[in-house]
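This report is written for a reader who has the sequence and the coordinates at hand. Please keep both open while reading.

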Amino acid sequence: MDLSAVRTFVAAADAGQFQEAAAVLAVTQQAVSKRIAALEDDLGVRLFTRTPRGARLTVDGQAFLPHARALLLAEERAAASVRPGSRPLRVDVIGRRTAVAGLLREFHRTHPAVALDVVTLFHVDEAVEALRSGAIDATFRAVAAPGCRLPDDVAAMPVLDEPLQLITGPAHEFAGARVVAPAQLAGHRIWIPGAVPGTEWTAYYDELAATFGLSIDAIGPDFGVESLLDTVADSPVVATLLSDRTPLVWPAGYDLRRIPLRDPSPVYPHFLLWHTANRHPGLAALRAHLEATRPHLVEGEAWKPTWARAAERR
């Protein structure tokens with residue numbers, strides 16, 4: 001059904017005259033007559049009776065009028081549901097306990113008027129496709145990983161260099177250290193279950209291991225951070241790497257140690273990605289917030305993969 005014809009019918013019914021309806025709709029009286037005639041042909045009934053004083057609704061016209069108004073209201077609601085700013089900003093944070101999830105929580109705290117819908121997508125390819133299809137508005141990723149080339153219609157900006165810490169149990173060789181250099185970890189078992197081949201974080205750890213001669217073990221199922229900490233707490237040889245921004249809670253008896261890595265400090269590079277055609281006002285607010293609050297490390301203190309540095313120069 002032609003909604004422009006339905007709109008013309010309602011205008012004519014309210015005005016009582018085709019000429020006045022034409023003025024309201026800013027069209028000619030002939031256009032009004034043609035639209036209503038087409039609608040009558042579509043419905044198979046007469047909607048108006050012409051009189052010397054104008055146009056009067058027939059019985060069928062009176063029956064159709066409330067439904068016509070409902071159609072126009074549904075049209076307006078449908079358009080409003082996708083109007084920029086009328087729906088929540090949909091953002092992928094990979095995991096709800098990640099550092100970038102904390103960035104989004106801080107944005108929500110300072111911009112409570114921006115409605116958010118938080119999702120978690122696993123692979124960067126899945127996230128990029130969701131951006132291009134409109135399923136999400138933004139995603140946090142380490143976008144420059146080897147083999148990851150962004151489409152021309154997807155933009156990216158660096159938002160966080162996330163420092164890593166060494167996590168050990170009380171019996172580990174480095175448990176009493178105030179700081180540890182990455183090169184000192186050579187020969188020690190660093191367990192990071194869930195480092196799936198082909199993912200951006202595995203590409204990060206591969207270059208980290210190659211640069212400093214580390215042995216990073218991804219063997220075994222990933223039962224979550226709680227299971228990881230349980231294993232590390234009981235082991236004199238197993239350690240792991242976690243962000244200094246990752247919120248961790250463990251039983252007091254674990255006596256886990258969070259030891260900063262220095263000379264240099266390995267950082268995980270996070271970028272915000274979005275589709276260049278996206279005009280959601282919440283996206284603009286998120287980008288401005290992240291740009292204004294991005295922590296900057298002094299050059300020379302941090303280590304990040306070569307592909308991440310190359311992405312930042314583009």
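What follows describes strand pairing, helix contacts and one proline in a predicted model.

**Strand β6 and its partners**

Strand β6 covers residues 154-168, and because 12 of its 15 residues are buried, it is largely enclosed by the rest of the structure. Which strands are joined to β6, and in what sense do they run? Strand β11 (residues 265-275) is joined to β6 by 9 bridges, the two running antiparallel, while strand β9 (residues 238-243) runs antiparallel to β6 and is linked to it through 4 bridges. Strand β10 (residues 257-260) is likewise joined to β6 by 4 bridges in the antiparallel sense.

| Strand pair | Sense | Bridges |
|---|---|---|
| β6 and β11 | antiparallel | 9 bridges |
| β6 and β9 | antiparallel | 4 bridges |
| β6 and β10 | antiparallel | 4 bridges |
| β7 and β9 | parallel | 2 bridges |

E162 stands opposite Y268 in β11, whereas Q165 has P260 of β10 as its bridge partner. Towards β9, L164 lies opposite S243, and I167 has T240 as its bridge partner.

**Strand β9**

Is β9 mostly covered or mostly open? It is mostly covered, with 6 of its 6 residues buried. Besides its pairing with β6, β9 pairs in the parallel sense with strand β7 (residues 189-191) over 2 bridges, and within β9 the bridge partner of I190 is A239.

**Helices α5 and α9**

Helix α5 (residues 99-110) and helix α9 (residues 281-293) have axes that come within 11 Å and cross at roughly 110°. With that angle, α5 is roughly perpendicular to α9, and the crossing of the two helices is right-handed. On the α5 side the contact involves L103, L104, E106, F107 and T110, which meet G282, A285, L286, H289 and L290 in α9. By class, this contact of α5 with α9 comprises 6 nonpolar, 3 polar and 1 charged residues.

**Helices α1 and α2**

For helix α1 (residues 3-15) and helix α2 (residues 18-25), the axes come within 8 Å and cross at roughly 125°. At that angle α1 is oblique to α2, and their crossing is right-handed. The contact is formed by R7, T8, A11, A12 and A15 of α1 together with F18, E20, A21 and L25 of α2. Sorted by class, the residues of the contact of α1 with α2 are 6 nonpolar, 1 polar and 2 charged.

**P66 in helix α4**

Where is P66 found, and how accessible is it? P66 is found in helix α4 (residues 59-81), and because its relative accessibility is 49%, P66 counts as partly exposed. Although P66 and V10 are 56 residues apart in sequence, they are 9.2 Å apart in space, from C-alpha to C-alpha.

**In brief**

Strand β6, with 12 of its 15 residues buried, is joined in the antiparallel sense to β11, β9 and β10, and β9 in turn pairs in the parallel sense with β7. Among the helices, the crossing of α5 and α9 is right-handed, as is that of α1 and α2.

Technical notes: Residues are numbered from 1 along each chain as its sequence is written. This is a predicted model: local features need pLDDT of at least 70, side-chain atom pairs count only at pLDDT 80 or more; totals for chains, interfaces and linings use all residues. Side-chain values use heavy atoms; hydrogens and water are left out. Axes are lines fitted to C-alpha atoms, for helices over the stretch in contact, and angles run from 0 to 180 degrees between N-to-C directions. Angles under 35 degrees count as roughly parallel, over 145 as roughly antiparallel, 65 to 115 as roughly perpendicular and the rest as oblique. A crossing is left-handed if the near helix is turned anticlockwise from the far one by less than a right angle, and right-handed if clockwise. Contact means heavy atoms within 4.5 Å. Ala, Val, Leu, Ile, Met, Phe, Trp, Tyr, Cys and Pro count as nonpolar, Asp, Glu, Lys and Arg as charged, and the others, Gly among them, as polar. Buried means under 20% relative accessible area, exposed over 50%, partly exposed in between (1.4 Å probe, protein chains only). Two strands pair if DSSP finds at least two bridges between them.
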